[in-house]
Amino acid sequence: MTTTILVTGGTGGLGSHVVPLLAAHDVDIRILTRHPRPDEGRVTYAAGDTVEGTGLAAAMAGADVVLHLAGGPKGDDVGTAHVVDAARAAGVGHVVMISVIGAEGMPIGYFRRKAEAERILAAGGVPWTVLRAAQFHSFAYGMVRPMAKLPIVPVMKDVRLEPVAVQDVAARLVELALGAPQGRVADLAGPEVRSLESLIDALPGRSRPHLRFGLPGAVGRAYRSEANLAGGTVQRGTGTWSEFLADQAA
């Protein structure tokens with residue numbers, strides 16, 4: 001019998017890389033979307049919203065695996081609770097969720113909600129897998145590019161990142177979705193750990209003076225302790241910051 005995989009967030013930045021990789025396998029793909037679309041062969045669409053909790057029961061019906069990619073600045077914990085409740089009620093055999101490295105250690109709302117989402121999934125009564133990933137190259141680019149345009153570039157000297165290629169994360173998620181539940185697997189980060197300043201300096205044509213400063217308070221302490229970086233069991237992707245910038249230029 002062909003496996004049916006429901007993908008939340010399947011039309012987003014990560015999902016748009018995951019779905020084509022899934023489609024290369026003998027699976028039926030169902031995408032949960034707030035805006036209904038016409039079906040495309042073995043890729044079908046189900047209307048619903050994870051945070052609002054709408055449409056999930058119908059979308060889960062007959063699904064074997066849920067690949068939970070939907071998320072945003074707010075509501076990850078609420079949306080995950082709705083997904084887990086619906087998956088349990090539908091008898092889904094495996095929920096795979098994307099999370100963020102440092103979820104429990106960074107005193108930032110987004111990270112805290114991701115940590116709570118992980119807790120909800122682990123306690124939800126459905127077999128599960130969680131992949132924590134570093135920030136994507138596109139996220140880092142969106143952070144440093146506006147800074148680099150200023151006459152004097154503000155540089156948070158304590159911040160180090162290990163940005164990862166979205167393609168590497170997508171490939172790993174597909175591998176996990178096609179396999180058995182594993183609980184929390186090794187973190188996935190990029191091949192380089194780089195200071196924020198080095199990310200800025202790598203941008204083409206940027207040679208403006210820098211103003212270096214340290215972040216105050218709990219957030220500054222967390223970055224200085226590298227709570228946002230992967231631990232010893234990390235798996236490293238292959239896509240580099242330089243390669244990402246070259247793609248952007250092209």
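This is a predicted model: local features need pLDDT of at least 70, side-chain atom pairs count only at pLDDT 80 or more; totals for chains, interfaces and linings use all residues.
A residue counts as buried when its relative accessible area is under 20%.

Taken as a whole, β5 covers residues 94-100 and is mostly covered, with seven of its seven residues buried.

## The neighbours of β5

Let's look at what pairs with this strand. Strand β4, made of residues 65-68, pairs with β5 in the parallel sense over four bridges. To get from β4 to β5, the chain passes through helix α3 (residues 76-90), and this β-α-β crossover is right-handed. For a specific pair to find in your viewer, H68 has M97 of β5 as its bridge partner.

Strand β6 (residues 128-133) also runs parallel to β5, and six bridges join the two. Here V95 stands opposite W128 in β6. A right-handed β-α-β unit is made by β5, helix α4 (residues 109-122) and β6.

## The annotated span

What does UniProt place at residues 9-175? An unreviewed UniProt entry gives this span the feature "domain: NAD(P)-binding". In the model, the span is 39% helix and 21% strand, and its end C-alpha atoms lie 17 Å apart.

## L199, a buried helix residue

Now to helix α7, which spans residues 196-201 and contains L199. Is L199 buried or exposed? L199 counts as buried because its relative accessibility is 0%.

Which residues does L199 touch, once neighbours within four places in sequence are left aside? The contacts of L199 are A140, V144, L161, P163, R194 and W241. L199 can also be placed relative to R145: the two are 54 residues apart in sequence, yet their C-alpha atoms are 9.3 Å apart in space.

## E226, a positive phi in a loop

Our last stop is the loop between α8 (217-224) and β13 (235-236), where E226 lies. Most residues other than glycine have a negative phi. E226 has a phi near 60°, a positive value in a residue other than glycine.

Conventions:
Residues are numbered from 1 along each chain as its sequence is written. Side-chain values use heavy atoms; hydrogens and water are left out. Buried means under 20% relative accessible area, exposed over 50%, partly exposed in between (1.4 Å probe, protein chains only). Contact means heavy atoms within 4.5 Å. Two strands pair if DSSP finds at least two bridges between them. A crossover is right-handed if, with the strands pointing away from the viewer, the path from the first strand over the helix to the second runs clockwise. UniProt positions are given in the numbering used here, feature names are shortened, and annotations may be inferred rather than shown by experiment.
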